[in-house]
Amino acid sequence: MKYNSTINKRCRKVNLDLNQFLTSNIQEEQLTKLLAIPNTSVHSFVAEAIKLCKPASVFVCTDSKEDIAYIRQKALDLGEESHLGIEGHTIHYDGPFDQARDKPNTRFLSDVDLGEKISWTEREAGKEEIINFLKNSMAGKEMIVRFFSLGPVGSNFSLLCLQITDSFYVAHSEDLLYRTAYHSFEKITEESSFFRFLHSAGEVEKNVTKNIPNRRIYIDLTDEIVYSVNNQYAGNSVGLKKLAFRLAIQKALPEGWLAEHMFLMAIHGPNKRKTYFSGAFPSACGKTSTAMLTGQTIVGDDLVYLKKKDNQVYSVNVESGIFGIIRDVNAEDDPVIWDTLNEPNEVIFSNVLVSDSKPYWLGDGREPPAQGKTFIGDWTEDTVDANNNPVPHAHKNARYTVSLYSLSNKDPEIDNKDGVLVRGIFFGGRDSDTSVPVVESFSWSHGVAIGASLESETTAATLGAEGVRTFNPMSILDFLSVPIGKYLEAYFEFENGLPAPPKIFGTNYFLKNKEGKYITGMQDKLIWVLWSELRVHGEVDAIETPIGFIPHYDDLKRLFKEKLNLDYTQEQYLEQFSVRVPQLLAKIERIEAIYSKEKSVPEQFLKELTMQKERLTQALASYGENISPLAF
Ligand code: SPV
Ligand code: MN
């Protein structure tokens, strides 16, 4: 009794100190908004952030029209964004050296060993380092406090998030990309849990972050807090995107659900049938463009949660907008997104060329003007870099940020709190010489093995060399916050209790011939997904091969004619769908070598690899190295 009353007294004292601190550091109007949230952890996280980052003022966003408008306006007033010609369009620049996710400086703070392939650092030491970089980082700036929901507001799938940042661009982007949830926070209790994010662009000069060498993004897995400093590129700065995703993966594991780097879409089959598929592709490998395929409808393009209910799999989009790669978006290949980017709507363009208030990007199908402003500053067609190479007019990883609600192809179920029923899952990488364009796995377990063996040639979405074949299981490696073995085990176990689990397909849009030319067209992915939809419903037969079920030529020929008005030849089919045994065997060897360095790799996975190898070795003996699908 006595003991309890001492604790209570101490708590009251702490609360008193906290309230006093907040009262003397936050203007009354903002403080009232903050204190309307009945949770001391919210208040103390804000207080700690103020103590550390020393902002000049604090703004608390309630999601009211005025508060949202304030954020949008401040981004413009401060020059973090500028108006473009079309109403609602703005441009933001991240600075020349902050154009992609910084993998080397993104680390987990963990007390447990996360294995070979995951970048992590000892927790206390890492925390000390980043806290140091955050000290006084908001001097002279305003601190913004925002509240969001990952997933539809009030859904069983959803997770609450508290974001603190000094970037109005970040706060504005999150408005387009996530569901706002100040009112959900008003209803939480002292016991509620939520993810916390603290971001600062750090010291800036002309709105460009100065201390790029001190850029750090650290994810504290114990406290579920992410610290991010000295950066602006959304993949590094926007807490709710890949940073929250890392925390969600860890949370999902013991709870028996999956947090995935996947799109979510409805594929439209015969007789107006809609079948939902999700799909994992490494960054810049066709994920958004698949979700945006003509005639189909999109639920999301990047992050999903998958849960089991009534012996089936349901999924929601974690986000409500798209932070998409703008390169190669043109009127012909991406009509829906093209229209969105050319109509009055809220759009933030980043790192593209602006001339005469118009944005231009690589592969937009237009002749770029001779000069303008771009990610390096002022640009002319003669601009060269330090090595005398011409500087392109826009960055390869330049992006657009839009809300899904402004797309004409949005699926009506976007905000369904129960999620949508998932019947199929794609795993696809950028692979120029090994895998066929589409293959259906023999089983869930075989499909998981396909996902776990995913490799992809690197792209501009992360800093570093491009075109290097890299291991990227489920396209999630950059974000994985649990050891790979544990993650895969959860994937295999996910099948339990599912009489008919989603069918898993492997795809590859990037096959090339010996001359290095792509042997499939940009639009062909439409055919691969429509075929997969038919397979889910058992409406087309398939050829059983050592690597899984592949399409019959006649089915593809018919789909190509009906959907794309193309005459698909048998020659194309044979080139695309031949089983390349030596390459496939070499791949298994690479994958086995990688996993041999990991602890607790599920037996089931190793068994799948062995069986795959045996099937290929047998086929090699019977049919040779490059096997025509007609041989099976
Ligand atoms: C990706 O690179 O996978 C993206 C963009 O979706 S980022 O926000 O950089 O993660
Ligand atoms: Mn992504």
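**Entry 1: strand E16**

I began with the pairing of E16 and found 5 bridges joining E16 to strand E27 (residues 420-429), with the two running parallel. The model I am reading is a predicted one. For a specific pair I took Ala280, whose bridge partner in E27 is Phe427.

Next I looked up the antiparallel partner. Strand E15 (residues 263-268) pairs with E16 in that sense over 6 bridges. Here I noted Ala266, which stands opposite Tyr276 in E16. The hairpin of E15 and E16 has 5 residues between the strands, and I recorded Asn271 in that hairpin with a positive phi near 50°.

I then asked how many of the residues of strand E16 are buried. Of the 7 residues in E16 (residues 274-280), 6 are buried, so the strand is largely enclosed by the rest of the structure.

**Entry 2: ligand 1**

I listed what surrounds ligand 1: Arg101, Tyr233, Gly235, Lys241, Lys242, His261, Ser283, Asp302, Phe323, Arg399 and Ala461. Sorted by class, I have 5 charged, 3 polar and 3 nonpolar residues in this shell. I also checked which domains supply the shell. Domain 1 (5-255) and domain 2 (258-320 + 414-631) each contribute at least three residues to it.

I found one 2.5 Å from an N or O atom in the side chain of Ser283. For the side chain of Lys242, the distance from a ligand oxygen to an N or O atom is 2.7 Å. For the side chain of Arg101, I noted 3.0 Å between a ligand oxygen and an N or O atom. I then looked up the ligand's area: ligand 1 taken alone exposes 280 Å², and the protein buries 97% of that.

**Entry 3: Arg146**

I looked up Arg146 and placed it in strand E6 (residues 142-150). Is Arg146 buried or exposed? Its relative accessibility is 1%, so I count Arg146 as buried, the cut-off being under 20%. I also traced its side chain, which reaches the backbone oxygen of Ala171 at 2.9 Å.

**Entry 4: a five-stranded sheet**

I wrote down an open sheet of 5 strands with mixed pairing, in the order E2-E3-E21-E26-E20. The edges are strand E2 (82-83) and strand E20 (321-325); each has a single partner strand, so one side of each is left without a neighbour in the sheet.

I looked for backbone angles to note, since most residues other than glycine have a negative phi.

Ser357, which is not a glycine, has a positive phi near 65°. I located Ser357 in the loop between strand E22 (353-355) and strand E23 (358-360). Its relative accessible area is 37%, and I therefore list Ser357 as partly exposed.

Met474 is also not a glycine, and its phi is positive at about 50°. I found Met474 in the loop between strand E30 (469-471) and helix H13 (484-493). How does its accessibility class come out: buried or exposed? Met474 has 0% relative accessibility and so counts as buried.

Terms used. Residues numbered from 1 in each chain as written. Chains lettered and ligands numbered in written order. Predicted model: local features only at pLDDT ≥ 70, side-chain atom pairs only at ≥ 80, totals over all residues. Heavy atoms only, no water. Near = heavy atom within 4 Å. Polar contact = N/O pair within 3.5 Å; in protein donor to acceptor, adjacent residues only side chain to side chain. Areas by Shrake-Rupley, 256 points an atom, 1.4 Å probe, with all protein chains shown as cover. Nonpolar A, V, L, I, M, F, W, Y, C, P; charged D, E, K, R; others polar. Domains from an automatic or database assignment. Buried < 20%, exposed > 50% of the residue type's maximum accessible area, 1.4 Å probe, protein only. Helix = DSSP H or I, 4+ residues; strand = E, 2+ residues; numbered from the N terminus. Pairing = 2+ DSSP bridges.
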